[in-house]
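The sequence and coordinates are presented first.

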Amino acid sequence: MLERLNQTLEHIEQRLDQSIDVVGLARVAATSEYHLRRMFSALAGMPLSEYIRRRRLTVAGAEVLSGRESLLEIAVRYGYGSGEAFARAFRAMHGVGPGEARRTGAALVSQPRLSFRLTVEGNSSMRYRIVDRPEFSVVGLKARVPLVHAGPNQAIIDFVRGIDRQVLGRLEKLSDQEPQGIVAVCDDLDPSRAEGTELDYYQGVVTSAAAPEGTTALAVPAGCWAVFTVSGPAPRAVQELWRDVFTQWFPSNPYRSRPGPEILRTRPFADGAQADAELWLPVERERG
């Protein structure tokens, strides 16, 4: 998988002055567009679209400083419809406009080319199982919240604190399938997985029962799930588990992610600082 990702990076590099189709990149990587976006974001620490934008502006910056072509010619080559649009994007990355950069020879920001390499640590193993599930429903309370990659998500904390404990108690009695009890469900995430983009967040249960008044039901189609377990500091252990799944487990196993909600069942320890967690991710086998 890492070799295919590096071929994808080379494909990008050769087409920085052309239109880059993510569907075409997924074909080079021999995977789905959805999985490519998620895998890239987890490995690179930035969305695929952001990497392409930054590489284009890095190369464009060198051409601005060289002075061989007009700023408009450079703007058009790298996909900007006008000099103004190019100037805005250029300033957002480099902190200076292209005209000023050319006049003054200002220092610019460079986005290095990425290359993915396997680092073998061997000091930990991941506990997981594969489960085939028929269709089911998540029933609960829903909020639209921003995505946070590290540390507490205050929007989620505020939402959960505002839920009446009696409502959660009634919901918990509806739980009749794995994962049992109250679960946190994330759905409808932005394909870029960029920090600050929004998602649907549910506090609810997996159930065959109808949604009570005042709650929302999320229908989940039948499919395959990878189920990971972890114990450790909350929420860091879960955030690190999600990272490790995409940087270690997927490259080492014949599965890829597929569209669908992510389900997290957490059981805090008595001290509140530690927790046991079970993370359900929708997956499918890689095609040979």
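Which helices are included in what covers the buried residues of H1?

## Basis of the model

The model is predicted; local features require pLDDT of at least 70 and side-chain atom pairs pLDDT 80 or more, whereas totals for chains, interfaces and linings use all residues. Residues are numbered from 1 along each chain as its sequence is written, and side-chain values use heavy atoms, with hydrogens and water left out.

## Helix H1 and its cover

The cover over the buried residues of H1 includes helix H2 (22-29), helix H3 (33-44) and helix H4 (48-66). Contact here means heavy atoms within 4.5 Å. Helices (H or I, at least four residues) and strands (E, at least two) are DSSP runs, numbered from the N terminus.

The buried residues of H1 are Leu2, Leu5, Thr8, Leu9, Ile12 and Glu13. They lie on the same side of H1, because they cover an arc of only 140° around the axis; the arc is that of the directions from the helix axis to the C-beta atoms. Buried denotes under 20% relative accessible area and exposed over 50%, with partly exposed in between (1.4 Å probe, protein chains only).

Helix H1 (residues 2-13) has 12 residues, and at 1.5 Å a residue it should span 16 Å; its end C-alpha atoms are 17 Å apart, which agrees. The expected span is 1.5 Å times one less than the number of residues.

## Aromatic pairs

The whole structure contains 13 aromatic pairs. One of them, between Phe246 and Phe250, is tilted, with 4.8 Å centre to centre and 45° between the planes. Rings of Phe, Tyr and Trp (its six-membered ring) pair if their centres lie within 6.5 Å; planes under 30 degrees apart count as stacked, over 60 as edge-to-face and the rest as tilted.

Phe246 and Phe250 are 4 residues apart in helix H10 (residues 236-252), so about one helical turn separates them. Phe246 is buried at 0% relative accessible area, and Phe250 is also buried, at 3%.

## Charges over rings

Arg285 lies over the face of Tyr255, 5.2 Å from the ring centre. The charged end of Arg258 sits over the ring of Trp225, 5.4 Å from its centre. The criterion is NZ of Lys or CZ of Arg within 6 Å of the ring centre and within 35 degrees of the ring normal.

## Surroundings of Ile130

Ile130 belongs to strand S1 (residues 127-133) and is partly exposed, at 32% relative accessible area. Leaving aside residues up to four places away in sequence, Ile130 touches Cys224, Trp225, Ala226, Trp249 and Tyr255. Ala226 is 96 residues from Ile130 along the chain, yet their C-alpha atoms are separated by 4.7 Å.
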